[in-house]
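Open the model in your viewer and keep the selection tool handy. We'll go from stop to stop, and at each one I'll say what to pick and what is there.

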Amino acid sequence: MPEGGAILIFLVVGVVFGIGGIITSFLIHPRRKNAVKGEPYECGPPTQGPTWVRFKVQYFVYALLFVIFDVETIYLYPWAVKFNSLGMFAFVEMLIFISILVIGLWYAWKEGALEWK
Amino acid sequence: MENLFTNLAGSLRAALESTGLPAILTDTSMTMVKLTAILVFILLNALWLVYMERKVAGYIQFRPGPNRVGPKGLLQTTADIGKLMSKEVVIPKQADKVLFLLAPALVFAPPLMVFAVVPFGENMAAIDMNIGLFYFLAVASLSTVIFWMAGWSSNNKYSLLGGMRVVAQMVSYELPLVLSILGVVMITGTLNISEIVRSQQGIWFIFAQPLAFLIFFIAGVAECNRAPFDLAEGESELVAGPFTEYSGMGFAMFFLAEYASALVISFMCAILFLGGWLAPFGMTFIPGWIWMFLKVYLVMFLIMWIRWTYPRIRVDQLMGFGWKVLVPLSLANIFVTGLVMKIFKMLGW
């Protein structure tokens with residue numbers, strides 16, 4: 001059996017387990033209607049204004065940084081697996097790659113992208 | 001004892017094959033048996049870990065912890081599950097109902113999928129995948145999306161803020177997590193998790209890669225949103241973060257997933273750095289899977305100990321620590337590992 005099939009079984013069972021749990025609880029749980037039960041829980045006071053608003057931009061800066069760096073770290077994995085057999089050339093090549101990463105990080109740092117404002 | 005489970009699996013497979021089933025059905029039913037075993041293992045461990053956590057917290061805070069339900073409070077978590085099952089799942093009026101219910105339904109899938117490649121002992125991985133480590137990284141990071149689904153769909157300001165924080169935190173600590181493992185991969189030259197354990201025969205990687213272990217452990221604790229990195233939940237400021245609006249079974253699923261991912265991180269620490277099923281000091285009379293279990297629980301206890309000892313850190317400290325300390329350190333670790341390996345090779349070791 002290919003590995004993909006076994007993984008698929010794991011995925012399906014994981015999802016079915018979750019859905020099954022929720023459905024079981026829907027079958028047995030009590031239902032009591034209440035005027036304020038469906039209100040958002042904000043420690044008592046009624047909620048003010050919409051929730052889905054434009055949000056603090058700093059979070060998205062981190063997300064952008066993550067996308068840039070994570071894609072680059074993926075390239076490091078094949079290199080790391082073959083590190084022992086590749087010799088000096090790969091090592092020097094990697095030095096260049098990592099220094100590009102470091103320069104990128106340094107630039108983001110200098111521009112204040114890593115500061116929480 | 002050592003081969004108890006592998007022998008069981010072997011005889012089961014032989015029994016299935018002797019019935020003359022097609023190969024695909026035999027494989028599927030073997031996978032299902034392994035999956036069931038893993039599922040039961042996770043559920044029992046989650047039950048026990050919640051109890052253990054409360055006991056540890058109790059004794060750290062100089063109180064006995066749960067001690068009413070069952071002998072020494074052992075049935076406390078079972079009673080809790082019963083309670084959570086029978087509570088109403090309240091769906092807020094303004095919530096995005098589909099996503100709101102989908103999030104708790106999906107949240108348990110990523111940790112369960114990671115367990116597919118975790119070896120519980122020699123030859124005891126459900127799938128012995130050649131890119132197991134990579135698969136772990138890929139699947140484990142899927143949880144971020146589900147937490148964000150929960151945080152956004154609740155249409156609650158605490159949930160939204162918690163969801164935002166979960167994404168920012170998990171995304172930031174994903175990088176040091178991924179980078180710290182690279183040192184191990186460079187030494188072993190393989191992404192197969194079982195092979196990585198086998199190559200620790202000589203020296204456990206906690207001694208060869210101490211910095212990587214520290215980074216991996218810290219980033220791992222942050223990845224499963226546990227104190228001191230539990231800003232996403234932050235009880236005292238955000239009620240329960242993304243899970244604020246969840247009640248009953250929905251909340252229970254998130255709780256289960258949290259302990260399952262903590263278990264995954266403990267397993268990965270034990271496998272990558274603590275020698276997995278290898279016995280220390282040649283104490284091979286204790287079977288490998290028991291050693292594995294002991295190491296996992298050692299890491300788990302460490303995580304609990306940290307949780308109940310250190311206060312929560314601030315958001316700016318969290319982000320600063322991740323990006324300005326852990327990422328540069330893990331890059332430096334890769335560089336130093338490569339350099340030392342090259343020098344060793346030149347010296348002919």
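**Stop 1: a helix in chain A**

Select residues 3–28 of chain A, which form helix H1. Helices here are DSSP runs of H or I with at least four residues, strands are runs of E with at least two, and both are numbered from the N terminus.

A word before moving on: this is a predicted model, where local features need pLDDT of at least 70, side-chain atom pairs count only at pLDDT 80 or more, and totals for chains, interfaces and linings use all residues. Residues are numbered from 1 along each chain as its sequence is written, while chains are lettered from A and ligands numbered from 1 in the order in which they are written.

Now colour the buried residues of H1(A), among them A:Ala6, A:Phe10, A:Gly14 and A:Ser25. Buried means that 20 or more other C-beta atoms lie within 10 Å of a residue's own; exposed means 12 or fewer, partly exposed is in between, and C-beta atoms are placed from the backbone. What covers them? Show chain B, and you'll find that the cover includes helices H2 (23–60), H3 (76–85), H4 (97–106), H5 (109–114) and H13 (248–272) of that chain.

**Stop 2: where the chains meet**

Select the contact between the two chains: 52 residues from chain A and 67 residues from chain B. Two residues are in contact if their C-beta atoms, placed from the backbone, lie within 7 Å. On the side of chain A, H1(A) gives the largest share, 17 residues. Helices H2 (58–81), H3 (83–86) and H4 (88–110) of chain A also give two or more residues each.

**Stop 3: chain B as a whole**

Chain B has 15 helices and zero strands, and its C-alpha trace spans about 65 × 60 × 45 Å along the principal axes. Of its 349 residues, 51% count as buried. Colour by pLDDT, the predictor's confidence in each residue from 0 to 100: the mean for chain B is 85, and 100% of its residues reach 70 or more. The model as a whole scores ipTM 0.85 and pTM 0.88.

**Stop 4: into the core**

Next, go for the largest nonpolar core, which has 132 residues. Such a core is a set of buried Ala, Val, Leu, Ile, Met, Phe, Trp, Tyr and Cys residues joined through C-beta atoms within 7 Å. Helix H8 (residues 157–188) of chain B brings the largest share, 20 residues. Click B:Leu272, one of those with the most contacts inside the core. Leaving aside residues up to four places away in sequence, B:Leu272 touches B:Ile181, B:Val184, B:Ile196, B:Phe205 and B:Phe216.

**Stop 5**

Finish in the loop between H2 and H3 of chain B, where you'll find B:Phe62 and B:Lys72. B:Phe62 has a phi near 65°, a positive value in a residue other than glycine. B:Lys72, also not a glycine, has a positive phi of about 55°. Are they buried or exposed? B:Phe62 has 6 C-beta neighbours inside 10 Å, so it counts as exposed; B:Lys72 has 14, so it counts as partly exposed.

Notes
Expected span 1.5 Å × (residues − 1).
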